[in-house]
Amino acid sequence: MKLNELKLTNPYLTLSPECYDKVAPTPLHNPYLIHANEDVAKILEIDTEELYTDDFVKLLNGEYKAEGSEPFAMCYAGHQFGHFVPRLGDGRAINIGTIEKYHLQLKGAGMTEYSRSGDGRAVLRSSIREYLMSEAMHGLKIPTTMCLGLIGSEHDVRRESVETGAIVCRVSSSWVRFGTFEYYASQGMFEELKALADYVIEESFPHIKGKPDPYALLFNEVMVLTSRLMAQWMSVGFNHGVMNTDNMSIAGLTIDYGPYAFLDDFRHDNVCNHTDVDGRYSYTNQPQVAKWNLQRLMQALSPLTTIEKMEKNLLIYDKIYIRYLHYYMCKKLGFEGTVEGDPELIDDMYDMLETLHVDYTLFMRMLSHYEHKGERKVLLATGLYHEPMNAWLDRYDERIQYIDKTVRKKQMLSNNPKYVLKNYMLQEAIDAAESGDFSLVSDLFKIAQNPFEEYPEFQRWAEATPKAFRNQRLSCSS
Ligand code: AMP
Ligand code: MG
């Protein structure tokens, strides 16, 4: 499809006008393309050549109004660091319309009714992080919002210093957040709340439509998807950093990439957000924070169904989460399924990696190549002390003795990425981009797309993080 053949719809606008602000994007000065995502374009059935035209830059800059587009920003509330903020909303993201089931949104496209004291802009560094990381999560097969393209500009945006304004065109099957429900419930707008729930069922959970007590079922669906997402984040060593309820997707997607991090050295209490002084959103807290967030969602949904039903659903959250975690970890460890003793083996591995200051991704990838006792040298070299790792490897040897070597290796190599986008790598790409060189953005995009592949030319991105850059914290504007 050519861009001039695009026909956008706006299903969200069928909801009450209280749910959104109809607002046009404010374009950036002198925009230019930094990167386009050809795979996402294919999903949207946009021709690849169209991505390299001026009209595409204009589309991302909010200057090209596709047929049917009626831009708007969405209203929501949210618990931020445990405190309820009654009105947030898309302060800098503007929806431009829907293609099939995918909603296109321009992040950094100017002010909306919900901008509060913000300028409605996004800077180059945070936009590169969102663009690359959503692709990396997609490459890791973890549910996420995606990006169609990224533009830079000659538009100055004031942060601690003057930075470059940028826009990412984000694409998702849902932009509804836990906080969207919290908004209507807290305002006592129960008609709007019900309409929103019906909209979400239609959009993300059509299989429960028409069933008895659909809102309790809706909660159950969100609970299960959230527990699975947490297990996926934990298994890959992802720390989101700002798990406020306005950053929790109702469709169980990874959403709103800020000061996130992949673990460098394995560390349970890793905190990646520099403003998170109490470590509320530490790596290890994520599954329980998600449960706390689900409790907020449960309260917001309570005018629509009995709270007892939802409470009962939530009682099994821990069990489901653990089951998913073990499922993903067993895949990574090369096991066919979970047997007695596996949970302890997994926990002891985490403790060992933490004690020995071992790079999580590197260790798991090396373990994928590990065959038998005689080949421990490379693995041992990743740790400072050999003894504890030897003791754990003895137990691992015993566990894998009857598993077919070739099958195990194949399974492990497709479940333990060779590359994850660590913050030091992104920072290198950002530094280069800020001086006009976008080649590292392209390189990192390539490894993000297929993180299980080996690229000899990118070997340097598959090593342990240089010591000086390990487990650092980033600011919220990242
Ligand atoms: P975040 O921490 O990025 O999820 O943002 C929290 C809230 O602040 C959301 O409602 C955002 O839309 C809003 N926000 C963040 N940055 C800006 C900005 N530069 N201008 C306007 N609103 C913003
Ligand atoms: Mg947000």
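A: Buried means under 20% relative accessible area, exposed means over 50%, and partly exposed lies in between (1.4 Å probe, protein chains only). By that cut-off Tyr-370 is buried, because its relative accessible area is 2%. The model is predicted: local features need pLDDT of at least 70, side-chain atom pairs count only at pLDDT 80 or more, and totals for chains, interfaces and linings use all residues. Residues are numbered from 1 along each chain as its sequence is written, chains are lettered from A and ligands numbered from 1 in the order in which they are written, and side-chain values use heavy atoms, without hydrogens and water.

Now the rings. The whole structure holds 25 aromatic pairs. Rings of Phe, Tyr and Trp (its six-membered ring) pair if their centres lie within 6.5 Å; planes under 30 degrees apart are stacked, over 60 edge-to-face, the rest tilted.

One pair is Phe-363 with Trp-392. Its geometry is edge-to-face, with 6.2 Å between centres and 65° between planes. Phe-363 belongs to helix α11 (residues 360-369) and Trp-392 to helix α13 (residues 387-400). The two are 29 residues apart, so the pair joins distant parts of the chain. Helices here are DSSP runs (H or I, at least four residues), strands likewise (E, at least two), numbered from the N terminus. Both Phe-363 and Trp-392 are buried.

Tyr-370 pairs with Tyr-396. This pair is tilted: 6.2 Å centre to centre, 40° between the planes. Tyr-370 sits in the loop between α11 and α12 (377-381), while Tyr-396 is in helix α13. They lie 26 residues apart, and again distant parts of the chain are linked. Tyr-396 has 0% relative accessibility, so it counts as buried.

Rings also gather in a group. Trp-233, Phe-238, Tyr-257, Tyr-260 and Phe-262 make up one aromatic cluster. The criterion is NZ of Lys or CZ of Arg within 6 Å of the ring centre and within 35 degrees of the ring normal. Arg-296 likewise lies over the face of Trp-292, at 4.2 Å from the ring centre.

All seven of the seven residues of strand β9 (residues 146-152) are buried, so β9 is largely enclosed by the rest of the structure. Strand β2 (residues 32-36) pairs with β9 in the antiparallel sense over four bridges, where two strands pair if DSSP finds at least two bridges between them. His-35 stands opposite Leu-150 in β9. Strand β11 (residues 162-172) also pairs with β9 in the antiparallel sense, over five bridges. There Gly-149 stands opposite Cys-169 in β11.
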